[in-house]
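Open the model and keep the sequence beside it.

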Amino acid sequence: MIFGPGFPRSQDELRENLFRLFQRSFQSLAKSGHSLKVYRSSFELYGRLAAERWAQLTIWPEETALIERFAREAGLPGEPQAMVQKSLLLHAAAATWRRMLQGLGRDALLRLCVARGEEHLRAALDAKRGVLIAHCHTVFAPLFWSWLEHKGIAPGVTLGHWAWEQGRKAGDRTDPKRAVPEMARELFAASQTLRAGGLAHVFGDGVQGSRQTEIAFCNRRRGFRSTFAEMAVAADATTLSAAVSMGADGRMTMEIEPSFTDDASLPRAERVERLVREYAARLEKRWQRDAAQLPWGDMTTHLRFPAL
Amino acid sequence: MTDDQIARELADYIVREIAPTPPAAPPGPDVPIIEQGLVDSLGLFKLIAFVEERLGVKIAPEEIVLENFATIAAIVKLIQSRR
C-alpha cells in the first residue's frame, strides 16, 4: 500500500491505492456531514477512473469481465464499454454515498432527485383501492423509501424486508423453516394493508422461490416470481412499477410507471400471468435503456438462467 | 367436519393449488410440508386464506409460525383448537 505496509509493485497498484485512498476519504466525509461539498466531484472522479482501461482491469477486473459478458449475452443495445464505465461508477458511488443519501434531510435529498410519474402514485393512492408497487433491483433502489418519506407518503409494507433486518443471519433467508412463516406473515400484513387502501412494495425481479413463470427475457429463459401479482389480484389492488436510476452526475430519478392493465373479469390465474408478463416486458425495456443500474449480483443471477 | 376430512381437504388443496410440482400422492398428515418444499411463503399465505374461507377459522398473524403449519396434522390441531 502506498500509505500502508509494503511498496506498490507497479504503476497500476499505485493508482489503485490512490483510488482506495480517495474512496476512503469520500467515505469519511460522508460520515462527517461535509459530504455534499465533494459529492459531485466524487462522481466525476469515479467516472473518469471507470473510463480508464487500466482501472477497469486493475481495480475492478472481475466486475469488468462480468459486465462485459452480461452486456454481450443479454443482447442489450449500446456499447458494452459504456455500460462497464457507468456500472463501475455507480457501484463505487453507491459504496461511498448510499447510506449518506438515505440519511439526508428533505430539502437536500429532493434537490438531488427528479421524480417522473409521481402523479400515477398519487392518483392510485387517492382511489383508496390499495397500491402495490412492483420494484426492480437497481444499485440505488433503497433511496425510493427515503424519497417517499420526504414526500410525506406513508411507505406501507415492504415484502422481504424481514430478511435484511439487523441481526439476521444470511442462512435465515434460505432456511425454509424460518423464511416461509416470516414471509407468509409479511404477505398477510401486506394483504391487510392493501385491503385497507394502503401501499405495499415487492421486488418483482427476485428469483428465490419455487413458483415461477418462465419468460423469454434478455436472451435467457428466466423465471419470474408471481408473488406481487398474486397479492395484487387477491386484494384487487392497483399495480404500478417503479425504479430508481442514478445519473453519472449524482442526480437520481424516481421513475413510477402507469398502472398495469388488469381485467377483474378474467380468471385469477390468467390475471396473475398477465401481470407477471407485463412486469417482465417493462423490466426488459428498462434494461435495454440502462442496464448499468443493475447490481452486479443481479447480472450474475441473470447469466445463470438457460440461454434461449 | 372430522379431523380426517379437514386433513384430506388441506392435502387436496396443497396438491391442486400450492405445490410447485404436484406430488404423486397427497401429503400425509405428518409430512413436513414446508421443509419438503411443498408449501412456500406464498403457498402458506394461500393456505391460510383457504382455511379462513373454507373452514371459517380466523388465523391471527402471530399464529403464523412453523409449529402451527409444519404438517397437515399441526394445521388440523390449530383449526380444532379454534373451534
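Helices (DSSP runs of H or I, at least four residues) and strands (DSSP runs of E, at least two) are numbered from the N terminus. This is a predicted model, in which local features need pLDDT of at least 70 and side-chain atom pairs count only at pLDDT 80 or more, while totals for chains, interfaces and linings use all residues. Residues are numbered from 1 along each chain as its sequence is written, and chains are lettered from A and ligands numbered from 1 in the order in which they are written.

Start with the layout of chain A. Chain A is divided into domain 1 (11-102) and domain 2 (106-304); such bounds come from an automatic or database domain assignment. The C-alpha centres of the two domains of chain A lie 26 Å apart. Domain 1 of chain A gives 26 residues to the contact and domain 2 of chain A gives 23 residues. Here, two residues are in contact if their C-beta atoms, placed from the backbone, lie within 7 Å. On the domain 1 side, α2, α4 (61-73) and α5 of chain A give two or more residues each. The largest share of that side, eleven residues, comes from α5(A). By class, the domain 1 side has 15 nonpolar, five polar and six charged residues. The classes work like this: Ala, Val, Leu, Ile, Met, Phe, Trp, Tyr, Cys and Pro count as nonpolar, Asp, Glu, Lys and Arg as charged, and the others, Gly among them, as polar.

Now look inside domain 1. Two packed helices are described by the angle between their axes and the distance between the axes. Helix α2 (residues 36-50) and helix α5 (residues 80-102) of chain A have axes that come within 8 Å and cross at roughly 140°. Axes are lines fitted to C-alpha atoms, for helices over the stretch in contact, and angles run from 0 to 180 degrees between N-to-C directions. Which residues make the contact? From α2(A) they include Tyr39(A), Phe43(A) and Tyr46(A), and from α5(A) they include Leu88(A), Leu89(A) and Trp97(A). The residues of this contact divide into nine nonpolar, four polar and no charged.

Move on to two loops. Most residues other than glycine have a negative phi, and most peptide bonds are trans. Lys128(A) has a positive phi, near 60°. Lys128(A) sits in the loop between α7 (118-126) and β2 (131-135) of chain A. Cys218(A) also has a positive phi, of about 45°, although it is not a glycine. The place of Cys218(A) is the loop between β5 (212-217) and β6 (220-225) of chain A.

Lys128(A) is exposed because 10 other C-beta atoms lie within 10 Å. Cys218(A) has 20 C-beta neighbours inside 10 Å, so it counts as buried.

Next comes α11(A). Eight of its nine residues are buried, so α11(A) is largely enclosed by the rest of the structure. Among them are Phe228(A), Met231(A) and Val233(A). Just after α11(A), Asp236(A) takes a positive phi of about 50°.

Leu275(A) counts as buried because it has 25 C-beta neighbours inside 10 Å. Leaving aside neighbours within four places in sequence, Leu275(A) is in contact with Ala229(A), Ala232(A), Thr239(A), Phe260(A) and Asp262(A).

Last, turn to chain B. Chain B has four helices and zero strands. Its C-alpha atoms fill a box of roughly 30 × 25 × 20 Å, taken along the principal axes. Buried residues make up 35% of the 83 residues in chain B.

Note on methods
Buried ≥ 20, exposed ≤ 12 C-beta atoms within 10 Å, placed from the backbone.
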